[in-house]
Amino acid sequence: MALPTSNWRKLAPVVLAANNVNAALDAIYAAGTALTYADGSARTPGTDCAWTWNRDTANALQVGATTAAYCTPPTVFPAVTNPGVVIPQAMLWCGSTVLPTATLRYAFPAAQIDARAAGMLYVGQCKNPGAYSDWNSATPFTSGQFTGCANAVVAFATATWNLLYMWESQEGIIVALGRTFPQINTSWSGGGAILDLGTASNAETDGRLYGVFTSGLNNYCSGSFWSSTTDIPFNEGSTAGRERFGIFQPGTATIAAYNRFGVYSPTNTLLSRGGEVPLIPISCFGLMGAARLREIWLVRDAFTNQNFTNGGLAVGYIVGAFFATTAVDAAVLTV
Amino acid sequence: MALPALQWRMLPPVVVTSTAQPSFILDAIYTAGTSAVYADGSARVLGNYAIPGNAGQVPTLPASGFAWTWNYDATTKSTFAGEKTACYAVPASGALNQQVIFMGINSAAVVGATWKQFIDTRAVQYLYGGLAKNSGVYTAFDNALTPFTVGDFTGFAMCANTAPVAGITLLYMWESAEAVIVQFRNSATNGQTVGAIAGAFIDPLSVNLANAETDGRLYGISATGVVIMPGTWLGTGASGCFLFHSNSVTDPHFGTFTPGLGTIALAARGQTFTPTSGFSSRNGDLPEIPYQINALTGGGYFGQLRQMFVTRDSLTGIAWEALGVQKGYLLGASTVAATDAMLLTY
């Protein structure tokens, strides 16, 4: 049985106060705690699609600076296979200008471990989290199962990030950092329960799969990410520094790799003869079987921060490899 | 809004008793199409023509089920009396009166409506397929415009090379309420296949009359030509297979009627896939990956295949059951080796 339909919302973009990890985390926190969405509608954390955020400004690595921003979902949906019991989760973005020494690192396969580095922004996902304790540890949420921290972006010194975008649904979050010069690139990260197996078989007890993804450290998100095999979202590169898409094996803390299935080469003419914009479902494949991205669709070429409307009604929000002026491969997150 | 989900059924495979000429293949098609049971032994509710073999008849259609009602033509262009030259079928219902037809002869010049977008070489000993909409009763396969008196016709596209180049020895057929698939094994040794898909097998996912006919469907045909299906027929660069079009004679042709018109819009796959025999969940569930169809040129979108999903590599012609429940049938490229395959869901 399919999971409930996710409804995506767009947070207001935030300009980074500086090109460093602390400013990025401040921007993530600012976006996540906004009381209105980008379209001006009200947002109440803990309800509808709004995640509830907190941050760490007292970490011993860098006291007084924001070194982590983390959040928990509203969980308004029921469990599918175990009524009433939706598995708790938390998303974590973290990093400091001081080298973290004890952070649990994302590794897949076991020998391919994302490196700890000063100034890097990391992303991780926790299943069954306890209270937040310290991201620079093996258990950032005291207990539960943690993916480890994966590189969330191209390094700040390389990229010169200056914009942050965020989208949230009842069970997933996507963050994109953008830069305006010299190219309009992005790096993506996010996670949650963004895959749907379409069956209770092989899923967690609530019917979901939980995990984390990032377009990686090595390069910006590819402009042809629906056909490329590197530097892309929703794909496990199985090499440190590359793109990551790790999904918890149900009932365990062990990661299974998931990879986009299929090669698509959309253009800006991917329209029906009637001028409609088709929404193409995308599946990923891994140990638990093929699973569909939840309300994350392939769409005609577009760029990040565009809104997709039809007759004045919002259909969804665009997350593209570029964020302005040049339409390339893109996804639409439907409302 | 999506069209109603099709439910696919498999007919019992039929041995083609001779590779000498197309009539033996047409015999097999007719035998499969008039079977009173499905391959799984379940009953098949049949319609009928009052006088099989005669033209100009209106069939009595079944009130329910998925069975297409078949007839044949053994009266025109036959070398020998009673030899079939065409088989055609109509579904139990449908607003636009679609009909599918296969034809071929072993003597004389082959005439009839040519494939509208590209004229295949018309030759004896080949099997051709076509699809009609807004059709009337069958008159003759060699009518220059349509075999069905009135309406729109795709023209004939090659869908198998018959004897002696590649002798067809076995026929598979699957049907749903709105589409038919035929596949021919032309080598018992290596299991190679050719065939055709015809009917309303693409869902435009739109009722916009620029995208869909007035009944919300798209009607079309995909024929392999004489080219053997490659094992990686869903992958990059694959040609000579279902859902592929080439502007060369005897090559695969794939197109749909332009909604509201009798012209053909050429179609192409919207993506490529490289599944393997390991493409299943760890408990053996088969994936069901939707398949998109685009315009051949310009990058436009036509729709999504109806209950035809990319799945793990498989032989063609086998069924998938899970815990004793019928799930569907596998459409692959070979009868002896696991190749790229689609799952036709039950």
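A residue is called buried if 20 or more other C-beta atoms lie within 10 Å of its own, exposed if 12 or fewer do, and partly exposed in between, with C-beta atoms placed from the backbone. Helices (H or I, at least four residues) and strands (E, at least two) are DSSP runs, numbered from the N terminus.

The model is predicted: local features need pLDDT of at least 70, side-chain atom pairs count only at pLDDT 80 or more, and totals for chains, interfaces and linings use all residues. Residues are numbered from 1 along each chain as its sequence is written, and chains are lettered from A and ligands numbered from 1 in the order in which they are written.

**Chain B overall**

Chain B contains one helix and 20 strands. Its C-alpha atoms fill a box of roughly 55 × 45 × 40 Å along the principal axes. The radius of gyration, taken over C-alpha atoms, is compared with a globule rule of 2.2 Å times the number of residues to the power 0.38. For 346 residues a compact globule would have a value near 20 Å, and the 18 Å of chain B agrees with this. Of the 346 residues, 59% are buried.

Two residues are in contact if their C-beta atoms, placed from the backbone, lie within 7 Å. Among the contacts in chain B with a separation of 6 or more, 59% join residues 24 or more positions apart.

**The helices**

The expected span of a helix is 1.5 Å times one less than its number of residues.

| Helix | Residues | Span, first to last C-alpha | Expected span |
|---|---|---|---|
| α1(A) | 21-32 (12 residues) | 16 Å | 16 Å |
| α1(B) | 22-33 (12 residues) | 16 Å | 16 Å |

In α1(A), 12 of the 12 residues are buried, so this helix is largely enclosed by the rest of the structure. In α1(B), 11 of the 12 are buried, so α1(B) is also largely enclosed. The buried residues of α1(B) include Pro22(B), Phe24(B), Asp27(B), Tyr30(B) and Gly33(B).

**Leu331(B)**

Leu331(B) lies in strand β19 (residues 325-331) of chain B. This residue is buried because 27 other C-beta atoms are within 10 Å. Leaving aside residues up to four places away in sequence, Leu331(B) touches Ile181(B), Thr316(B), Ala341(B), Met342(B) and Leu344(B). Its C-alpha atom is separated by 23 Å from that of Arg217(B), 114 residues apart along the chain.

**Interface**

Between the chains, 25 residues of chain B are in contact with 24 residues of chain A. The chain B side divides into nine nonpolar, 14 polar and two charged residues. Here Ala, Val, Leu, Ile, Met, Phe, Trp, Tyr, Cys and Pro count as nonpolar, Asp, Glu, Lys and Arg as charged, and the others, Gly among them, as polar.
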